[in-house]
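Dear colleague,

I am passing on the structure we spoke about, placed just below, and I would be glad if you could look through it alongside the notes that come after it.

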Amino acid sequence: MKKTSLVIMAAGIGSRFGKGIKQLEPVGPNGEIIMDYSIYDALQAGFNKVVFIIRRDLEKDFREVIGSRIEKRAEVAYAFQELEDVPAGFSCPPERVKPWGTGQAVLAAREFLREPFAVINADDYYGKEAFSKVHEYLIEDRVSSGKLDICMAGFILGNTLSDYGEVTRGICRMDKEGRLLGVDETRNIRKSPGGACAVLPDGTEKALDPKALVSMNMWGLTPEFVQELEQGFRKFLSQWGEQDLKKEYLLPDIVDRLIGEEKAAVSVLKTKDIWFGVTYQEDKYVVREAFADLIRRGVYPEKL
């Protein structure tokens, strides 16, 4: 069996959620958190290693809430995303507070990434189909395109919206073969009678195709991609490190750049599962009911 890792990004502050650590919010009947279900699905799909990317001050909580349990079922590693973790020759401006972004988060785990891996957000539920499709892609023997052959799970826009506020989604542009051409970040998306719309700065609404595929930051990547991350982070810091104290080094932007430079071929793997996550405080009640429904329908056992 090929070794594959699940990388879980859990170092985000989650300011919109309010007080508390949203990644550790119980949503299951026995105190399970969203990560429990993601890891359960990933292990069933064939992943056999879990890498948590967290803030160092959360390590104790993570080990107590989830890490100690997962260590009994799979290999587990912890990586720490820190502002000061920048390449030699660079330094973190003392005024910077915001983390460097998801690209730097994955770089924080580089010592553990010697095999193909999937990357997900800690506070998002992706469903079983996405894990299966990404894992199949990562272990598949294929003729090399001469580029970085990577993938992402493509979720149907209408399956990713919140009832409690506007969201930002990366809407995918693809070619006829289902390869990603680019991701258009679209802000202020909400449900509408037509399915979905984006609220423009002047208050008007722009209708969106609710069947469009969007990126929810679930990627299937390779160790070679990590090398590109390292090189790209140096360029990012040279351009933005001192200029913009809030600018982030983000996976969608990195992938978009690699596509534009013809260094990456990204397959979009469509999944019909409902995505949900805890963005707003009110979302947690919907998420709890959603998991209760999944358990009633036999998708998950009552106790994982």
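This is a predicted model: local features need pLDDT of at least 70, side-chain atom pairs count only at pLDDT 80 or more; totals for chains, interfaces and linings use all residues.

Along the principal axes, the C-alpha trace spans about 55 × 50 × 45 Å.

Turning to the helix pair, the axes of helix 5 (residues 223-240) and helix 6 (residues 251-260) come within 11 Å and cross at roughly 100 degrees; since angles of 65 to 115 degrees count as roughly perpendicular, the two helices are therefore roughly perpendicular to each other. On the side of helix 5 the contact is made by Phe 225, Glu 228, Leu 229 and Gly 232, which meet Leu 251, Ile 254, Val 255, Arg 257 and Leu 258 of helix 6. Sorted by class, this contact has 6 nonpolar, 1 polar and 2 charged residues.

As for the second largest pocket, it holds about 320 Å³ of space and is lined by 14 residues, with Glu 32, Asp 36, Arg 69, Arg 73 and Leu 304 lying nearest its centre. Helix 1 (34-45) and helix 2 (59-70) each supply at least two residues of that lining, and helix 1 gives the most, with 5 residues. By class, the lining of this pocket has 6 nonpolar, 3 polar and 5 charged residues.

With best regards

Conventions:
Residues are numbered from 1 along each chain as its sequence is written. Side-chain values use heavy atoms; hydrogens and water are left out. Axes are lines fitted to C-alpha atoms, for helices over the stretch in contact, and angles run from 0 to 180 degrees between N-to-C directions. Helices (H or I, at least four residues) and strands (E, at least two) are DSSP runs, numbered from the N terminus. Angles under 35 degrees count as roughly parallel, over 145 as roughly antiparallel, 65 to 115 as roughly perpendicular and the rest as oblique. Contact means heavy atoms within 4.5 Å. Ala, Val, Leu, Ile, Met, Phe, Trp, Tyr, Cys and Pro count as nonpolar, Asp, Glu, Lys and Arg as charged, and the others, Gly among them, as polar. On a 1 Å grid over the protein atoms alone, a cavity is a set of points where a 1.4 Å probe fits but cannot get out, and a pocket is an open set with protein on both sides within 12 Å along at least five of seven lines; lining residues have an atom within 4 Å of a point. Grid points are joined across faces, edges and corners, and a volume is the space filled by probe spheres set on the points.
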